[in-house]
Amino acid sequence: MPGVTIDKNHCKGCELCVKACPQQVLGMSKQIGLKGYFYAELVDGSRCIGCRICAVVCPDVAIEVHTHGTSFVLFDY
Ligand code: SF4
Ligand code: SF4
């Protein structure tokens, strides 16, 4: 299963990753990081397919995706 790591203290809370994730894996925390912003966090990591879109769109390079490839798993919504 892919793993997503978000550096909450580099996140500026722009929500780009939340909107870009095709699997609705990410959401915004109710806590704030050292920058003073509400940061992105995993809502349901089990839905992640390792596509890395979140990492690509993050302007602050706050996201790392650890995977050996993309898992094309279709979920029922
Ligand atoms: S790697 Fe893809 S599926 Fe996983 S959290 Fe990022 S955008 Fe969503
Ligand atoms: S795209 Fe990056 S800076 Fe913006 S909310 Fe997501 S992790 Fe934070």
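Among contacts in the protein between residues at least 6 apart in sequence, what percentage join residues at least 24 apart? In this predicted model, the share is 58%.

**Figure 1. Overall arrangement of secondary structure in the predicted model.** The protein contains 2 helices and 4 strands. Read from the N terminus, these elements follow the order β-α-β-β-α-β. The protein comprises 77 residues, of which 22% count as buried.

**Figure 2. Surroundings of ligand 2, formed by 15 residues.** Cys11, Cys14, Cys17, Ala40 and Cys58 are the closest to ligand 2. Two elements, helix H1 (16-20) and strand E3 (38-42), each contribute at least two residues to this shell. The shell around ligand 2 is made up of 11 nonpolar, 1 polar and 3 charged residues.

**Figure 3. The largest nonpolar core, a set of 15 residues.** Within this core, the residues with the most contacts are Val4, Ile6, Cys17, Leu26, Ala40, Cys54 and Ile63. Strands E1 (3-6) and E3 are the elements that give two or more residues to the core. In soluble globular proteins, nonpolar side chains tend to be buried together.

**Figure 4. Contacts of Ile6 beyond its neighbours within four places in sequence.** The contact partners of Ile6 are Cys11, Tyr39, Ala40, Glu41, Ala62 and Ile63. Of these partners, Ala40 and Ile63 are listed with Ile6 among the core residues with the most contacts.

Technical notes: Residues numbered from 1 in each chain as written. Chains lettered and ligands numbered in written order. Predicted model: local features only at pLDDT ≥ 70, side-chain atom pairs only at ≥ 80, totals over all residues. Near = placed C-beta within 6 Å. Nonpolar A, V, L, I, M, F, W, Y, C, P; charged D, E, K, R; others polar. Buried ≥ 20, exposed ≤ 12 C-beta atoms within 10 Å, placed from the backbone. Contact = placed C-beta atoms within 7 Å. Core = buried A, V, L, I, M, F, W, Y, C linked by C-beta atoms within 7 Å.
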